[in-house]
Amino acid sequence: MGIELDDHSQFANYAHPERFVSAAWLSARLGMPGLRVVESDEDAFLYDIGHIPGAVRIDWHNDLNDPVQRDFIDGEAFAELMSARGISRDDTVVIYGDRSNWWAAYTAWVFELFGHPDVRILDGGRDAWMGEERDTSFAVPEYPRTEYPVVERQDAPLRTFASELLQETPAQLIDARSPEHYAGTEAAAQDGGVDTLRHGHIPGAVNVPWGNSVFPNARLKGRDDIAHVYKDFDPAAPTVVYCQLGESAAHTWFVLKHVLGFEQVSLYDGSWAEWGNMVRVPVERGER
């Protein structure tokens with residue numbers, strides 16, 4: 001690890017406390033050599049109206065996705081992105097964002113696909129920082145270019161594809177969306193979200209909304225409370241999570257893996273945006 005861990009008492013009970021930092025911990029270390037802060041939001045323009053001093057922006061849509069193929073960027077493109085942002089392979093990277101860290105968790109998950117050794121999430125994300133009225137900046141930092149090595153992306157075992165789900169339903173398939181989206185109600189179909197031809201859920205999926213793991217202020221609950229939410233699931237069994245676009249399920253993935261220590265949890269990032277538009281795939285509707 002590049003920088004000492006946050007010894008916050010809540011994180012000490014997590015399976016991987018090294019993956020979390022508090023606003024107080026981060027505020028005291030801004031500008032420290034070997035630390036890079038990344039903002040990754042659903043609304044990319046939030047960065048322009050004030051961000052954590054020294055933070056760089058990574059746009060999940062424009063920076064992490066291949067411009068032609070529906071996939072993430074490859075190792076060369078990731079290395080270029082990191083080098084251009086002034087991030088070294090041995091840096092501690094702290095990621096935060098809006099929407100209770102949906103896209104921050106998604107970005108952190110992509111960092112893990114490339115095996116970045118030390119990537120952490122700011123508990124509570126942008127909401128926590130702004131809620132505590134901590135310093136913000138409009139300045140876009142310019143860091144010296146680094147020489148981040150080209151590391152090939154390793155999708156397995158952290159990523160699952162539709163073809164795999166069609167072949168075999170995993171032992172535990174979790175739908176992290178709202179109960180309305182899971183059930184495929186008319187209201188959910190018309191809520192202005194991702195337009196799909198079919199509504200409902202993947203057969204065999206169990207609905208556990210992502211928000212059950214956080215407080216209204218976007219901070220994570222304690223391990224015991226989160227463990228109660230997922231008490232019916234086996235941490236040792238193969239587990240796949242999905243949502244609408246992969247963003248809130250990435251939050252669930254981060255919680256299952258790094259708070260509860262699930263051993264075989266992966267993200268189906270194609271999620272319902274893909275499944276609900278594919279030809280001749282099974283769909284279930286209603287509650288379970």
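This is a predicted model: local features need pLDDT of at least 70, side-chain atom pairs count only at pLDDT 80 or more; totals for chains, interfaces and linings use all residues.
Hi everyone, and thanks for coming.

Let me start with the rings. How many aromatic pairs does the structure hold? The count is 18. One of them is F78 with F114, a stacked pair with 4.1 Å between the centres and 5° between the planes. It links distant parts of the chain, 36 residues apart: F78 belongs to helix 3, residues 75-84, while F114 is in the loop between helix 4 and strand 5. Are these two buried or exposed? Both F78 and F114 are buried.

Now for another geometry. W102 and W210 pair edge-to-face, at 5.2 Å centre to centre and with 85° between the planes. Here, too, distant parts of the chain are linked: W102 is in helix 4, W210 is in the loop between strand 7 and helix 9, and 108 residues separate them. Both tryptophans, W102 and W210, are buried.

Elsewhere, R36 lies over the face of Y143, 3.7 Å from the ring centre. And there is a cluster to look at: ring pairs connect F11, Y14, F20, W253 and F254.

Let's stay with helix 4 for a moment. From first C-alpha to last, its 12 residues reach 17 Å, close to the 16 Å expected at 1.5 Å a residue. Why call this helix largely enclosed by the rest of the structure? Because 12 of its 12 residues are buried. Among them are W102, W103, Y106, W109 and F111, and also E112. What do these buried residues pack against? The list is helix 3, strand 4, strand 5, helix 10 and strand 9. Just after the helix, G115 takes a positive phi of about 70°.

On to strand 4, residues 92-96. Five of its five residues are buried, so this strand is also largely enclosed by the rest of the structure. Both of its faces are covered, with T92, V94 and Y96 on one side and V93 and I95 on the other. Strand 4 runs parallel to strand 2, joined by five bridges, and E39 stands opposite Y96. With strand 5 the pairing is parallel as well, over three bridges, and there V94 has R120 as its bridge partner.

How values were computed. Residues are numbered from 1 along each chain as its sequence is written. Side-chain values use heavy atoms; hydrogens and water are left out. Rings of Phe, Tyr and Trp (its six-membered ring) pair if their centres lie within 6.5 Å; planes under 30 degrees apart count as stacked, over 60 as edge-to-face and the rest as tilted. Helices (H or I, at least four residues) and strands (E, at least two) are DSSP runs, numbered from the N terminus. Buried means under 20% relative accessible area, exposed over 50%, partly exposed in between (1.4 Å probe, protein chains only). A charge sits over a ring if NZ of Lys or CZ of Arg is within 6 Å of the ring centre and within 35 degrees of the ring normal. The expected span of a helix is 1.5 Å times one less than its number of residues. Contact means heavy atoms within 4.5 Å. Two strands pair if DSSP finds at least two bridges between them.
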